Amino acid sequence: MTRNVRRGRASAQPGLLPHQTLTYAIGDIHGCSNKLRDLLARCEADAEGRHATLIFLGDYIDRGPDSRGVIELLMDLQKARPDQVICLMGNHEDMLLVAFDDSLFEESWLCNGGSQTLRSYDVSDPKHLPKAQVDWLRQLPKFHDDGRRFFVHAGIHPNRALNLQDETDLLWIKEPFLSSNKDFGRLIVHGHCRPAIAGQKFAQTD
């Protein structure tokens with residue numbers, strides 16, 4: 001979760017007026033629906049009735065016990081609050097979709113937590129996953145830019161402009177992004193790695 005963070009040119013959020021918006025960024029849920037519900041309750045309590053935007057940074061599935069519950073919760077939340085809930089794609093959603101489209105990549109996904117995802121749906125084949133949920137995953141955007149902060153799952157390539165980023169980097173990159181001290185013109189809010197704060201980057205994963 002990201003709140004009241006100031007790095008580089010990004011504006012902090014302390015002392016918000018009642019009409020101003022809070023932003024909470026949540027990364028790498030990985031099938032932990034109970035922890036997600038707890039975190040959402042904490043965000044709601046922290047907001048104290050103020051307008052709040054929730055930005056999910058991807059990796060909703062795999063490894064944890066309830067990927068299905070996480071996806072269903074996020075879909076319901078986005079349907080109820082379409083202007084306040086933004087869900088981005090992570091590399092684990094990308095792996096699922098690749099395995100769904102081509103069985104040659106199924107084993108790679110299963111070895112990276114996909115087997116736990118299938119178990120949560122009580123199926124043994126990605127093709128048997130609910131079509132509505134696969135379609136929802138497929139349409140997830142790769143980034144969100146609010147003019148001050150650039151939200152993304154993994155990061156960006158420091159040698160490319162923000163509007164020229166490669167989708168593979170947005171979902172998968174670690175280096176040279178993590179060690180770069182370049183001024184990106186935005187606070188880069190990302191998941192995909194261990195928690196860290198460096199320069200104009202803020203990462204928080206669970």
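**A tour of the sheet and its helices**

Start by selecting Leu22, and you will find it standing opposite Ala52 in strand S2. Keep in mind as you look around that this is a predicted model.

Now widen the selection to both strands. S1 and S2, the latter covering residues 52–56, pair in the parallel sense over 5 bridges. As background, strands of a sheet pair through backbone hydrogen bonds, either parallel or antiparallel.

Next, bring in the rest of the sheet. It is an open sheet of 3 strands with parallel pairing, and the order is S1-S2-S3. Colour the edges: these are S1 (22–26) and S3 (85–87), each of which pairs on one side only. On average, neighbouring strands here are turned by 15° against each other, direction ignored.

Then select helix H2, residues 67–80. H2 lies across S2 and S3, and runs at about 140° to S3.

How do the axes of H2 and H5 cross? H2 passes H5 in a left-handed crossing.

For the last stop, show side chains where the two helices touch. On H2, pick Arg68, Ile71, Glu72, Leu74, Met75 and Gln78; on H5, pick Ala132, Gln133, Trp136 and Leu137. Which kinds of residues make up this contact of H2 with H5? Colour by residue type and you will see 6 nonpolar, 2 polar and 2 charged.

Definitions and conventions:
Residues numbered from 1 in each chain as written. Predicted model: local features only at pLDDT ≥ 70, side-chain atom pairs only at ≥ 80, totals over all residues. Heavy atoms only, no water. Axes fitted to C-alpha atoms, helices over the stretch in contact; angles between N-to-C directions. Helix = DSSP H or I, 4+ residues; strand = E, 2+ residues; numbered from the N terminus. Left-handed = near helix turned anticlockwise from the far one by under 90°. Contact = heavy atoms within 4.5 Å. Nonpolar A, V, L, I, M, F, W, Y, C, P; charged D, E, K, R; others polar. Pairing = 2+ DSSP bridges.
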